[in-house]
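Visitor: Hello! I would like a close look at one part of this protein, taken slowly. Could you walk me through it?

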Amino acid sequence: MSTPQSAPPISGGGVPDPNSKSAAKKEAKRLELLAKKAAKTPKQALETVVDKKKPAVDKARKEEDAPYVNTTPKGHKKDMSEPMAAGYNPIAVESAWYDWWESQGFFAPVMGPDGKPKPEGSFIIPAPPPNVTGNLHIGHGLTVAIQDALIRWNRMLGKTTLFAPGFDHAGISTQSVVEKRLYKTFGQTRHDLGREKFLEKVWDWKNDYQQRITNQVKRLGASYDWDRVAFTMDESRSRAVVENFCRLREDGIIYRANRLVNWCVHLNTTLSNLEVDQKKIEGRTLLNVPGYDPKERVEFGVITSFAYHIENSDEKIIVATTRPETMLGDTAIAVHPDDPRYKHLHGKYAVHPFLDRRIPIIQDSIAVDMEFGTGAVKITPAHDPNDYEVGVRHNLPFINIMNDDGTYNDNVGPTYKGMKRFHVRRAIVDALKARGDYIETKDNPMNIPICSKSGDVVEPIMKPQWWVSCKPLAAEAIKRTQAGELKITPKVSEAEWYRWLEGIQDWCISRQLWWGHRAPAYFVNIEGKEQDRIDDGNWVVGRTIEEVTERAKALAAGIPFTLEQDEDVLDTWFSSGLWPFSILGWPSQTEDMTNFYPTSMLETGWDILFFWVARMVMLGVHLTGKVPFKEVYCHAMIRDAHGRKMSKSLGNVIDPVDVIQGLPLEELHLKLQEGNLDEKEIVKAKQGQKKDFPKGIPQCGTDALRFALCAYSSGGRDINLEILRVEGYRKFCNKIWNATKFAMLKFEEGFIPETTSTPTRNESLVERWILHKLNLAAADVNKHLTDRNFMLATTAVYNFWLYELCDVFIEAMKPMTDESASATTRRSAQNTLYTCLDLGLRLLHPFMPFVTEELWQRLPRRPSDRTLSIMLSAYPVHDPTFVHPDAEKEFDTVFSTIKTIRSLAAQYNLQSNLQVTILATSPNEKTMLASQAPTIVALSKGCQSANIISDPTLVPPGCGSVVLTPSLTVYLLVKGLVDLDAEILKCEKKLDLALLNVDKLQKLQVQPGYEQSIPEDVRASNGEKLQTLEVEISNLRQSIDVFTRLK
């Protein structure tokens, strides 16, 4: 059977609670009619289908959206003796369950009898620690949805599972947001408070947002083991950071050097390459720069040419630069050694126009392209990465011209000392013009390095810092990955992984911040000795002050000394790079390290594959000898419905809790005030919110959000999230709710299901069909979760619930459970229905934990079942006793017949008193269809009777027809009910089309080489098509004749 792939169905409408047996029967009748109507409704992907009975929908919606008050005491189990609500209310359904799960210890890993992971295996995920900079956004919701689905699935498969939570201090980001808030609220800087008081403010911020984030992930249903919650700056993790630094230093991996770094003037700190964005511009562009007057804009995207005078000569040499201000730090002019234009200048000097400095003309075939520009390049080794390499090759002076605050220092002379860098830019150009040395300024496409945290233009400067030598670490990571110790999906991420590791550069881990782990490095200030702080040999490291002191004594060789700890803190990734093993107690060899390391999987966004994942692997292999996880799954980046990156200034950043509980537009606007946006940005963000969410964000619930996020995840790089699609899955939850409620009316009071789900072999055709479909769905979901294809996994369970259980079986079992059915038939149908609800809810649970728990708790239990929660029940897997391929084939024929009847009725616009005749010339098919006549009538809206015949002469006159197969035709009596002339015209058009298709197939079959070149299965299919068309032509001609005679 072909099952549609559309999105959520309509809601079932309001259902009054039955208070008596007669009321229950009436209610069952009403729900049956309503469910039948829903089954016939065309399903359109991602659209909400609205019931035509407006008042009923409005009433149900009103009841669903009524304010809900949770009366369950915290940690207690919800009372399931209350009647089910009329409609699905996510807030009511999701209340109380999480607190109960947590209080019962269901999230903790369950070990085997020997205290080790269970024989079924283990599945461990170290949850990526969210930054304590602010609330979670929808991207974090995706992370939780995927990871928790995998954890719950593996837990239900019987494995020992651990989902370990935690939080990241996020050095630069957190310090930045606290500084902004401090200035916005009080007009103060961190320097006004001092280091100690400022850090108190940051800890307050951290505690506030850690609690907020905790509340968010609990709303998302993450089954974290909260007894193991970690923070990157707590005592255990801080001890791990110190051990990491000392171990790498002792192994010769960490060293101190004065090298070029990325400097953020606004934040006053070093950045890694990965924290620098490249802003591409195509030509002259004026930009605002942090730290300058908002009305002042700085020119970028141009290249300025000017002339240097050759010493003791009237000759000039022309160079070009995109940063004229850096010429104050020039220490050479490079030309290609083979360039004939400059061979006579080899060994000579140019004269700096503003400083008392001779500038050598050097030859460098690496840095200079003779064909580009003038073929002469100014070299500023202390302020440009390429020039730095030239400076190292030619042993040039490295002259730093900039202070940390972006002003120029003593090395530029009195004229420019103290000026801001971009003010110097303009001043230099003006001075060159005044001297007559200015040549021209032209548009120049370029990338501008921008700090991803502050938006400032990054400046390359020389700084003595701590560095990690990455090449040996990366080589081992590559080796382990190639050996199969680490699997990276999707494949595109694996290719990038190798490319990045192969081209890795050393990692600067020093940060000029106050918030973070201070480097456990101390300068040994030896009395009476001149020492260079840049010199690596004047520093010692240690795990304790005692160890530091002993090492300093050895360095000082008996001379008195003092110790000065490095003021810098370490890069955030230096601590989070230890996450998968530090959370298990490393560097101690704890029981958790023995039982749970290496972990099973690291799930994260592809955008931090190198920021974080690569560093975890490099550090994990070096420090523990093992790859810290067996698999890396990179999920997509969530963008808005227009494909734009989520940005606070665009107003498209979505808090997952707002999607869960809904938020009016006015309150969305108010939330913008909580951040650090300026007024202009707030106005822009409000406009974006009004455009995207004109009525605010609708209440969708956690289950719908989780299911939608998983359904979006197919291995692509981006997800364009539409909230309407999430809302559509709320309708799916409502369908499950109403279907389960309706189905449970089929269980008499005190109903107890059979001891097991094993079929009795007395099941009817439709029962065997639905069990087969359930089995296929279970196999598909398990396969797709194993393959990490969450889109196909959700599609499989969605299709089972909607198009097979709700639309077919629940309807088809109506005649099997009414009073005319035998007790045996009724009992069998009830047990099959129970099995489908029980296993269907379990199948859905990893994606929708709350509604499945709520409904599963309302189901009766099998006699020996003492399972406390659906999350602890066994996950459905392939069951050979459910395999009924013959039943699937037979019932697919039945359902094709039903769909044909529906189609015919719609074609002739007939809605009631349908009189159907089914001509089945195959004896077996006739017998099977005759046994399913009650099901055909039940599932065909408005059908009064279905007569199964094998003799064509018994077809009543005046019927419309559709040929399903050469042996099966469906007839619908239309005589006296339709416009005969219109029907004759329809038949003639169909006949023309059928004749045309026959002609095409016959021409194809007589082509030379048809038998040899066309595959056998295709030829067989063409033959069957031709046979079907010939029967259809005969029937259409017969219909035309019948309709003509009826006129």
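Is C836 buried or exposed? And please go on from there to the other cysteine details and to helix α8.

Guide: Happy to! Please keep in mind that this is a predicted model. C836 is buried, with a relative accessibility of 0%. The cysteine sulfur nearest to that of C836 belongs to C806 and lies 11 Å away, and C836 takes part in no disulfide. C246 is likewise buried, at a relative accessible area of 0%. For C246, the closest cysteine sulfur is in C508, and because the separation is 18 Å, the two are too far apart for a bond. With a cut-off of 2.5 Å between sulfur atoms, the disulfide count is zero.

Now for helix α8, which covers residues 195-219, 25 residues in total. From first C-alpha to last, α8 reaches 36 Å, close to the expected 36 Å at 1.5 Å a residue. Just after α8 comes G221, whose phi is positive, at about 85 degrees.

Terms used: Residues are numbered from 1 along each chain as its sequence is written. This is a predicted model: local features need pLDDT of at least 70, side-chain atom pairs count only at pLDDT 80 or more; totals for chains, interfaces and linings use all residues. Side-chain values use heavy atoms; hydrogens and water are left out. Buried means under 20% relative accessible area, exposed over 50%, partly exposed in between (1.4 Å probe, protein chains only). Helices (H or I, at least four residues) and strands (E, at least two) are DSSP runs, numbered from the N terminus. The expected span of a helix is 1.5 Å times one less than its number of residues.
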